[in-house]
Amino acid sequence: MNLDISVVVPAKDEEESIPELCQWISRVMQTHGFSYEVLFIDDGSTDNTWQQIMTMHETNPNIKGIRFNRNFGKSAALQTGFRAAQGKVVITMDSDLQDSPDEIPELYKMVTTDGYHLVSGWKKKRHDPLSKTVPSKFFNYVTAKLSGIKLHDFNCGLKAYQSRVVKNITVYGEMHRYIPVIAKWAGFTKITEKVVEHRERKFGVTKFGLERFINGFLDLISITFVSRFRQKPMHFFGTWGTLSFLIGFLFTCKLFWDKINALFISKVPIKRDITDQPIFYLALVALIIGVQLFVTGFLAEMFAMQSLSKRDYLVIERVGLAEAEQAKVLD
């Protein structure tokens, strides 16, 4: 049975927030008459997060859970939730109560009525220290320029998607920051944003440190390259390989010309042997690099022709999921 909404919530050591968040989401859904499910992904919590999820499921069967045997990261949690979700609209939010479930009805409307593929939350007014907000603004600015997507807040956990978007993208590593970029390169270009409420953290502490910004930029370079050249890697490697090979070839031609000129035309002996000239080594290196880039391009093309490898995360427990839904998680 297709539901109106699936809410996917990654959770890591958030036992204090789970009951309040479940009650809040349920209240919003009942008020607006939505059929729904809430999928909690316990990402290797070491506290009583899983026990709280099971308790909430006993009181409300719409609350469901998937538990990892260890911490795989937010991207793994989202990908697993996407595979299990049954709703026409999939909404993601963080489990720390900083995202407001009251935003759900408007996000749902923007996807179903306005026809957007993806709606990203924009925490315009943030309750975070400058050490977090300043790097975040710079990070979002660079991402917007490189991706061509006009969003102010790529990393906001509160997002809404058409179901077919999350079923046709793959999120891995730390790529959850770039889901709008991944969606765009998959052909889902109707992307917009909505200003959402950002609340102060009520329980616990943030699970992310400053190293996420360094990792974030490395991931941005990676996703930009993969998105553009995943299906045509030879276009990248072949272009640079051709350029390098041509430079090496021209250097080689110059060396031969100088040798022929010295022997048959000007008859002025060359003061140094060819192998003693720096240009010889430049030509050699350029030729070798050119060939290597070509070989890399061919190998990449062969890999691109193969089916995408599946990324499976070890799930040790589930609650509230039917057998068919469990199969989706393991596919």
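Tutor: Helix H10 gives the nonpolar patch its largest share, 4 residues. Before we go on, note that this is a predicted model, in which local features need pLDDT of at least 70, side-chain atom pairs count only at pLDDT 80 or more, and totals for chains, interfaces and linings use all residues. Residues are numbered from 1 along each chain as its sequence is written, and side-chain values use heavy atoms, leaving out hydrogens and water.

The patch lies on the surface and is formed by Phe 245, Phe 249, Leu 250, Val 291, Val 295, Leu 299 and Phe 303. Together they have about 700 Å² of accessible area (Shrake-Rupley method, 1.4 Å probe, only the protein chains shown counting as cover for residues). A patch takes residues with over 30% relative accessible area and no salt bridge, joining nonpolar side chains within 5 Å and like charges within 9 Å; a salt bridge is a Lys or Arg side-chain nitrogen within 4 Å of an Asp or Glu carboxyl oxygen. Helix H9 (233-265) and helix H10 (278-305) each supply at least two of the patch residues (helices are DSSP runs of H or I with at least four residues, strands runs of E with at least two, numbered from the N terminus). Phe 303, which lies in H10, counts as exposed because its relative accessibility is 65% (exposed is over 50%, buried under 20%, partly exposed in between; 1.4 Å probe, protein chains only).

Now let's step back to the whole protein chain. It exposes about 17400 Å², with carbon and sulfur atoms supplying 60% of that. Of its 331 residues, 47% are buried, and its elements are 11 helices and 8 strands.

Next, look inside. In soluble globular proteins, nonpolar side chains tend to be buried together. The largest nonpolar core here has 34 residues, and Ile 5, Val 7, Met 29, Val 38, Phe 40, Ile 91 and Met 93 have the most contacts inside it (a core is a set of buried Ala, Val, Leu, Ile, Met, Phe, Trp, Tyr and Cys residues joined through side-chain atoms within 4.5 Å). Two or more residues come from each of strand S1 (3-11), helix H1 (18-32), strand S2 (36-42), helix H2 (49-59), strand S4 (87-92) and helix H4 (104-112). H1 gives the most, 7 residues. A second, separate core of 32 residues includes Ile 41, Ile 66, Ala 76 and Ala 85.

Ile 66 is found in strand S3 (residues 63-68) and counts as buried because its relative accessibility is 0%.

S4 pairs with S1 in the parallel sense over 5 bridges (pairing needs at least two DSSP bridges), and Leu 3 stands opposite Gly 87 in S4. S4 also pairs with S6 in the antiparallel sense over 4 bridges; there, Val 90 stands opposite Tyr 161. Beyond its neighbours within four places in sequence, Ile 91 is in contact with several residues, including Ile 5, Val 7, Ile 104, Leu 107 and Leu 158 (contact means heavy atoms within 4.5 Å). Ile 104 and Leu 107 are among the buried residues of H4.
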